[in-house]
Amino acid sequence: MNAVKGYAVYFDSYVPYERAVCIQERLARARSEEEIPDTVLFLQHPPVVTLGRRGATENLLVSPENLEEKGIALYRSSRGGDITYHAPGQLVMYPIIKLGRAGADAHGHLYNLEETAIRTCADYGVEARRVPRKNGAWTDSGKIAAIGFHIKRWVTIHGMSFNVDPDLEGFEFIIPCGLHGDPVCSLGSIKGKDTPSIESVRESMKRRFEEVFERRLDARTTDQLPDTLRRIWPE
Amino acid sequence: MNVPKDRLYTKTHEWILVDDDIATVGITDFAQSQLSDVTFVELPSTEDQVAARDEVAVVESVKAASDVYSPVTGTVLDINENLVDHPEIINDDPYGEGWMFKIKLADPEEVESFLDADAYENSLPADS
């Protein structure tokens, strides 16, 4: 443990999906050239529906124009997986890490992302688990975390979205991950007035990431980026 | 993690089996295990001219997509079309029936820079 050291980057304002992709692609390129260490982004997106590379538009239940009227953007993404919805109140974790370094990588990236979500839930007394043939983390009330990622030169981009307390209404416009009839939940829908803040969950998820992925992270906000990251950060 | 001794490896988890000036390429056991159940494979076309490090194929599982690189420069002679209908072969037999493409090498000496099985195995996570 703690053999590999990297950065956690905390964003304090919502990050448009396109910009998050641009940041991730720059970081991934720099990571594969060994210019930067493993870096994990923790952020929230403004409302957006994204389709994975093989995502089917029939899982979008309203027209793109309809989404736009509701202030929801639509993007096709390079990640694996089908359709998903992001919105404020959902904590998104994008690890830009080189696989094959830490012993933990032998479990597989998908397994480790799920494990991070499950242990984060446990920190708030919520029991989550894997469901065979359905990826992500599931509670008795439904799916709480969704996963989709892309590996380029064995550097990962995209990752996991974890519902802390988003407006779940947006999920009604899609068939999440193309899975029919599976409810979506959040810490908020389970814990009610005891719902933790997104900052609290971010700390918990960062700690669980360090444990599961065997990588220690220095947490920085976007205005305290180390020079190695600042040099390649998009305007 | 299974690493057969009869072939060469890249740091990006491809294997290369060279017979004269023809290289057969696939992804390693470690690579397939990172992706979990493979559900889709995109292959190059025969007669494609490829350069070393070009992205030539994509392997996808339900939640992951990973690019596959040509380790060598040359011409694509053959592709494993069987994978298109049976992508799970990559998980079941990555070093055998799961081969992905064959390349006629432009420069047979190019393969001298690859890792042997021991070096590749040492580069993998310790408890794999």
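**Notebook: the A–B contact and the strands around it**

I began with the contact between the two chains: 24 residues of chain A are in contact with 21 residues of chain B. The model I am reading is a predicted one.

Next I asked which elements of chain A give two or more residues to this side. They are α3 (109–123) and β9 (142–152) of chain A. I noted that β9(A) supplies the largest share, 6 residues. I then sorted the side of chain A that touches chain B by class, and I got 10 polar, 8 nonpolar and 6 charged residues.

**Across the chains**

I followed β9(A) over to chain B. There, 3 bridges connect β9(A) with strand β7 of chain B, residues 64–69, and the two run parallel. I looked up one pair by name: Phe149(A) has Ala64(B) in β7(B) as its bridge partner. As a reminder to myself, strands of a sheet pair through backbone hydrogen bonds, either parallel or antiparallel.

**Back inside chain A**

I turned to the pairing of β9(A) within its own chain. β9(A) is joined to β8(A) by 3 bridges, and these strands run antiparallel. Here Thr139(A) stands opposite Gly142(A) in β9(A). The two strands make a hairpin, with 2 residues between them.

Is strand β8(A) mostly covered or mostly open? I counted along residues 134–139 of chain A and found 5 of the 6 buried, so I wrote down "mostly covered", taking buried to mean 20 or more other C-beta atoms within 10 Å of a residue's own.

I then checked β7(A), residues 129–131, which is joined to β8(A) by 2 bridges in the antiparallel sense. In this pairing Arg129(A) stands opposite Trp138(A) of β8(A). β7(A) and β8(A) also form a hairpin with 2 residues between the strands. Which residue of that hairpin takes a positive phi? I found Arg133(A), with a value near 65 degrees.

**A sheet in chain B**

Last, I traced a sheet in chain B. It is an open sheet of 6 strands with antiparallel pairing, and I read its order as β1-β2-β3-β9-β8-β5. Which strands are at the edges? They are β1 (8–9) and β5 (49–50) of chain B, each of which pairs on one side only.

β1(B) pairs with β2(B), residues 14–19, in the antiparallel sense over 2 bridges. In that pairing I found Leu8(B) opposite Ile16(B) of β2(B).

Note on methods: Residues are numbered from 1 along each chain as its sequence is written. Chains are lettered from A and ligands numbered from 1 in the order in which they are written. This is a predicted model: local features need pLDDT of at least 70, side-chain atom pairs count only at pLDDT 80 or more; totals for chains, interfaces and linings use all residues. Two residues are in contact if their C-beta atoms, placed from the backbone, lie within 7 Å. Helices (H or I, at least four residues) and strands (E, at least two) are DSSP runs, numbered from the N terminus. Ala, Val, Leu, Ile, Met, Phe, Trp, Tyr, Cys and Pro count as nonpolar, Asp, Glu, Lys and Arg as charged, and the others, Gly among them, as polar. Two strands pair if DSSP finds at least two bridges between them. A residue is buried if 20 or more other C-beta atoms lie within 10 Å of its own, exposed if 12 or fewer, and partly exposed in between; C-beta atoms are placed from the backbone.
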